[in-house]
Amino acid sequence: MIITLIRFAIVATYRSLNNEPTPPIGLAYIAGSCKSKGTIVKGIDSTAENLNKIFKIPKGNLQGNGIEINEIVRLIDHKTKVFGISVMFSHEWSYIKDCLKVLKKKFPKSLIIAGGEHVTALPEFSLRDCKEIDYICLGEGEETWLKISENLVKNKNINSLKGIAYLKKNKFVQNEYRERIKEIEKIPWPDWKVFPIEPYLDNAISFGAGSGRSMPFLASRGCPYECTFCSNPSMWTTRWVARPAADVVNEMKHYIERYGVTHFDFSDLTLAVNKRWLVSFANLLIEENLGVSWGLP
């Protein structure tokens, strides 16, 4: 069975100059986690396919950065049985919805499963507003996607799985929320082979203030706060957990050796929650003398 994970073009207001392309670290984590026996995982990062392409999106006075849906369709393995779609931000929704209509028309027998901040915050609205979506993966996706992969390989129904929502005879169904992963150091690292990182590194693209070969990175998950503008409580709950500092540094060392990384952009929601953890991490960086910079964009 083939699963194809897709990150559509980055969306911004028309003629925006400050929407820096960023690698799809969330989907790269899903790619690393949802492999099971009998599953092949493929990825399409439309922005990485053409970092320099900017196109006009007719609806909403918007623009996209990357290749368009018709170009994406040509890259898809025709044997794909399941699509995993990232929907992070609400301003992307109208564009992604139109892309999914094309995708479903081209692959009518394949399942479309959407995940990310927007659809987790608004699952029923998203399902009713875009009937092309078969299921929504709610919140933290690694364990849910692994179960989806295992069940579909065995031709089992996934309707009873924790952490998903769907429409059944036009009735909204939201299953029990899947428990947050406690030992996040056991989550497989992002798969930067399924989603090649080199286009970003080779073009010195950084989400933060770094320069050179900048790698997106996560050392923790969640946030204990409930800011009114933020979708964190519905996406991650208010539980904050960090990986052991040594585990974080080991992954950093791997990227330095493998990709020649010179800077790390930490994409954590709130890395500086636990002072003791942060100091231990900083001290370990000093001890290891990695010769890189890092920041919290």
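## K169, between β9 and β10

K169 sits in the loop that links β9 (164–168) to β10 (171–174). This is a predicted model, and in it K169 takes a positive phi of about 50° even though it is not a glycine. Most residues other than glycine have a negative phi.

A204 belongs to the loop between α8 (198–202) and β11 (214–217). Its phi is positive too, near 50°, and again the residue is not a glycine. Is A204 buried, exposed or partly exposed? With 43% relative accessibility, A204 counts as partly exposed.

## The chain as a whole

Zooming out, the protein chain has 11 helices and 15 strands. Its radius of gyration is 19 Å, close to the 19 Å that the globule rule gives for 297 residues, so the chain is as compact as a globular protein of that length. Along the principal axes, the C-alpha atoms fill a box of roughly 60 × 40 × 40 Å.

Buried residues account for 52% of the 297 in the chain. Take the contacts with a separation of 6 or more, and 71% of them are between residues 24 or more positions apart.

## Surface and charge

Key:
Residues numbered from 1 in each chain as written. Predicted model: local features only at pLDDT ≥ 70, side-chain atom pairs only at ≥ 80, totals over all residues. Heavy atoms only, no water. Helix = DSSP H or I, 4+ residues; strand = E, 2+ residues; numbered from the N terminus. Buried < 20%, exposed > 50% of the residue type's maximum accessible area, 1.4 Å probe, protein only. Rg over C-alpha atoms; globule rule 2.2 N^0.38 Å. Contact = heavy atoms within 4.5 Å.
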